[in-house]
Amino acid sequence: MFVNPLPARLLLAAALALLPAWALAQKTPAAKSAKAVLPAAISQALTRAQVPTDAVTLLVMDAAGKAAPRLAHRAGEPMNPASVMKLVTTYAALDLLGPDFTWSTRVLMDGSISEGVLHGNLIVRGGGDPKMVVERLQALLAQIQYSGVKVVRGDIVLDRSAFQASVQDAGEFDGEPLRPYNASPDALLINFKSLVMRFTPDPLNNRALVAVEPPLAGIVIDDSVPLARVARCGDWRSELRASVDNPNRLQFTGSYSAACGERVWPSAYADPASFAARAIEGSWRAMGGLLTGTVRDATAPELALLRARGTLSGEKPPLRLDAPSLPLREIVRDVNKFSNNVMARHLFLSLSRPGQGGQLDQASPGTGRAALAAWWKKSIPLQPAPVMDNGSGLSRSERISATSLAAMLQHAAQSRVAQDLLDSLPVAGMDATMRERAKNVAGQAFIKTGSLRDVTAVAGYANGVSGARYIVVGMVNHPNAGAARPALDALIQWAVQER
């Protein structure tokens with residue numbers, strides 16, 4: 001057994017020695033060494049946007065914490081970070097679960113199999129895979145058929161119990177229930193509960209062909225739309241006059257211009273609760289599979305019986321298939337580069353489920369908040385924890401200060417998953433949400449962006465011209481926040497150029 005020989009006062013001194021110098025200076029006159037006046041380019045951009053400086057928080061500091069911040073403006077004020085909050089969720093997930101973590105979708109046979117027929121139910125058990133897109137769903141169904149089951153003489157039963165069922169109205173946040181970004185988490189999330197409509201001009205027949213993925217059972221879809229008489233591509237979505245709010249009918253009463261070429265239109269499905277069932281049945285039948293029953297959700301008594309019989313654990317069925325998700329490091333890349341809200345919410349829910357397989361208590365926003373709070377207290381104990389809602393930033397209540405966020409980014413920069421987090425961030429002037437921003441320092445900053453009504457934010461890392469790496473955080477909470485993006489781009493440029 002190891003006994004530390006140091007007295008308590010020496011242990012305290014050693015602990016303080018590990019703190020970054022700027023953190024120790026927060027309550028001393030040395031803190032005033034940070035630049036008090038905003039750089040001219042930032043100040044001028046805020047003036048043009050008509051955003052007062054008391055609606056802004058800015059912080060630029062050495063990533064290793066070796067010096068006081070170069071710029072600190074209202075850095076301790078909690079602000080709404082919008083999607084920048086995804087940095088907290090993704091780093092916590094990488095640190096707690098590990099970059100190689102995967103979720104598993106499990107298929108179980110509850111019955112006997114003979115000559116390609118399953119006499120009983122096929123059970124599909126969702127494990128929270130954040131990216132079960134059409135191609136991966138159909139690969140899983142193909143694996144079932146390849147394993148010897150072509151006909152299900154029973155039902156396909158869906159087990160979504162790993163996550164607490166969402167009771168949130170999809171349009172609650174902004175009144176846009178059919179926007180894919182408003183999709184809610186689901187232990188059996190299929191294609192983000194969204195369908196993708198593809199329009200391909202067919203001039204010889206004066207029409208545009210309509211294809212929809214995934215194939216959905218029980219919905220009638222127009223397979224073509226007339227071509228417009230005027231060959232110009234304007235507001236083509238409006239000109240289609242699509243009716244997408246009926247879960248049983250997808251109709252187009254307008255026209256499509258050949259000048260638009262081939263276009264795709266992703267849309268959330270009107271009845272998200274039934275999307276998984278419709279997509280699984282539609283894909284199963286499209287692939288030649290037969291089903292005598294229905295695709296339905298499992299009932300609570302049914303799940304209890306299956307657990308008691310050992311069916312859900314895969315102990316007794318004649319056939320069990322496990323389809324692992326993409327590894328967490330790839331999921332994190334999608335979350336941060338493309339600001340995917342529902343994937344971020346899946347990560348947040350999964351923080352309380354480090355052991356996969358559904359053996360832990362049902363994951364919920366409450367368990368996610370508790371897990372993140374415990375992780376923060378252990379990892380970044382000297383800074384106030386963020387106020388978390390769902391972990392995606394698609395929230396009016398989430399809050400974090402620039403100081404707390406920078407402390408987390410500093411912790412991340414020295415962690416075993418530092419490169420995984422860095423690789424997930426949009427690169428200034430080059431890709432994802434930063435493709436058209438901060439082009440004057442293209443390739444030199446790795447920045448997560450955030451945007452809501454009344455909020456714009458950036459946070460991440462910037463490489464200075466001297467070779468030093470800096471943490472950059474900027475958040476604006478104001479009705480004119482959208483107009484203040486040039487000010488945050490100027491902040492990134494100022495950090496890189498070390499003015």
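1. Arg136 is partly exposed, at 21% relative accessibility. The scale used: buried is under 20% relative accessible area, exposed is over 50%, and partly exposed lies in between (1.4 Å probe, protein chains only). Arg136 forms a salt bridge with Asp129, with 2.7 Å between the closest N and O atoms. Here a salt bridge is a side-chain nitrogen of Lys or Arg within 4 Å of a carboxyl oxygen of Asp or Glu. Asp129 counts as buried, at 2% relative accessibility.

2. Basis of the values. This is a predicted model, in which local features need pLDDT of at least 70 and side-chain atom pairs count only at pLDDT 80 or more, while totals for chains, interfaces and linings use all residues. Residues are numbered from 1 along each chain as its sequence is written, and side-chain values use heavy atoms, with hydrogens and water left out.

3. Salt bridges come to 21 by this rule. One of them joins Lys193 and Asp186, with the closest N and O atoms 3.7 Å apart. Lys193 is buried, at 8% relative accessible area. Asp186 is buried too, at 7%. Both residues belong to a network of salt bridges that also links Arg160 and Asp297.

4. Lys439 is partly exposed, with a relative accessible area of 47%. Glu436 is exposed, at 56%.

5. Asp159 lies in strand 6, residues 156-159. Strands are DSSP runs (E, at least two residues) and helices likewise (H or I, at least four), numbered from the N terminus. Asp159 is buried, with a relative accessible area of 1%. Its side chain makes a polar contact of 2.6 Å with that of Ser161. A polar contact is a pair of N or O atoms within 3.5 Å; within protein, one must be able to donate a hydrogen and the other to accept it, and residues adjacent in sequence count only if both atoms are side-chain atoms.

6. Strand 17 covers residues 445-452, and seven of its eight residues are buried. Strand 17 pairs with strand 18 (residues 455-463) in the antiparallel sense, over eight bridges. Pairing requires that DSSP finds at least two bridges between two strands. Thr449 stands opposite Val458 of strand 18.

7. Check the turn as well. The hairpin of strand 17 and strand 18 has two residues between the strands. Asp454 takes a positive phi there, near 80°.
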